[in-house]
Amino acid sequence: MIGLGHPIAASTVWEILNAAGIDPAPRRAGPTWREFLTNQAEGIIAADFFHLDTVLGRRLYAPAFLEHGTRRVHFSGVTAHPTQEWAVQQARNTAADLGMRTDSLRFLLRDRDGKYGQSFDAVFEADGMEVIKSAPRTPRMIAHCERVIGSIRRETLDHILPDRLPTALQRTPPSSKRRPASS
């Protein structure tokens, strides 16, 4: 029905399945996502890309790694043009910075950003971590990392960069510059 453009309510689907004698799907075995994060917090590190826009309108990227157990954030580099190769090098740098703490980490959570790639995962898999990719379009799966990045943006960067530049620093768009009157 949905494919034909007709909306259908969840209760209607339930009635149809119930009338056909089909029970609802049982809850999958295992913990919920929240239970997993709570139980495994000491062994989880999450990765996400942090971006900021400069005063001159340039966007810079930095990979952020958040240890769930300690809430310690690791930034390993900044670039205007992130590539897979660059991201892999930042993963190596972070793994080296973590040192012996990688022994206690069991999982790397990350989204499906194309900047990561298989080589990025291999860096952490070599340290014995299991890489868990978030489901498509579900930023809440790495919500801890997203929340920390948002806090950094609100608490520090908003106070560093002024809301308005002094008039002397503002650029006038080329189309609005006055031209001298021709005589």
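Me: How many aromatic pairs does a search of the whole structure find?

Reply: The search finds nine aromatic pairs. One of them is formed by Phe36 and Phe107, with ring centres 5.1 Å apart and planes at 75°. The model is a predicted one, in which local features need pLDDT of at least 70 and side-chain atom pairs count only at pLDDT 80 or more, while totals for chains, interfaces and linings use all residues. Residues are numbered from 1 along each chain as its sequence is written, and side-chain values use heavy atoms, with hydrogens and water left out.

Me: Why is the pair of Phe36 and Phe107 called edge-to-face?

Reply: Rings of Phe, Tyr and Trp (its six-membered ring) pair if their centres lie within 6.5 Å; planes under 30 degrees apart count as stacked, over 60 as edge-to-face and the rest as tilted. For Phe36 and Phe107, the centres are 5.1 Å apart and the planes stand at 75°, and the pair is edge-to-face. The two residues are 71 places apart in the chain, with Phe36 in helix H2 (residues 33-39) and Phe107 in strand E4. Helices (H or I, at least four residues) and strands (E, at least two) are DSSP runs, numbered from the N terminus.

Me: What makes the pair of Tyr116 and Phe120 tilted?

Reply: The ring centres of Tyr116 and Phe120 are 4.7 Å apart and the planes are at 55°, so the pair is tilted. Tyr116 and Phe120 also belong to one aromatic cluster, together with Phe49, Phe65, Trp86 and Phe124.

Me: How do you know whether Phe36 counts as buried or exposed?

Reply: Buried means under 20% relative accessible area, exposed over 50%, and partly exposed in between (1.4 Å probe, protein chains only). Phe36 has 15% relative accessibility and therefore counts as buried. Phe107, at 7%, is buried. Tyr116 is buried at 2%, and Phe120 is buried at 1%.

Me: What makes the contact between Arg59 and Asp53 a salt bridge?

Reply: A salt bridge is a side-chain nitrogen of Lys or Arg within 4 Å of a carboxyl oxygen of Asp or Glu. In the case of Arg59 and Asp53, the N to O distance is 2.8 Å, and the side chains meet in a salt bridge. Side chains of opposite charge can pair when their charged atoms come close. Arg59 has 36% relative accessibility and counts as partly exposed, as does Asp53 at 39%. The structure holds four salt bridges.

Me: How do you know that Arg101 forms a salt bridge with Glu67?

Reply: The closest N and O atoms of Arg101 and Glu67 are 3.3 Å apart, and the two form a salt bridge. Arg101 lies in the loop between helix H3 (84-98) and strand E4 (107-110), and Glu67 lies in strand E2 (residues 59-67), so the pair ties together parts 34 residues apart in sequence. Arg101 is partly exposed at 31%, whereas Glu67 is buried at 6%.

Me: What joins the side chains of Arg110 and Asp121?

Reply: They meet in a salt bridge with an N to O distance of 2.7 Å. This pair links Arg110 in strand E4 with Asp121 in helix H4 (residues 117-125), 11 residues apart. Both Arg110 and Asp121 are buried.

Me: Why is one side of strand E3 and of strand E5 left without a neighbour in the sheet?

Reply: Two strands pair if DSSP finds at least two bridges between them. The open sheet of five strands has the order E3-E2-E1-E4-E5, with mixed pairing. Strand E3 (72-75) and strand E5 (130-133) stand at the edges, each with a single partner strand, so one side of each has no neighbour in the sheet.

Me: What makes the link between Ser76 and Gln90 a polar contact?

Reply: A polar contact is a pair of N or O atoms within 3.5 Å; within protein, one must be able to donate a hydrogen and the other to accept it, and residues adjacent in sequence count only if both atoms are side-chain atoms. The side chains of Ser76 and Gln90 are joined by such a contact of 3.2 Å. Ser76 is found in the loop between E3 and H3.
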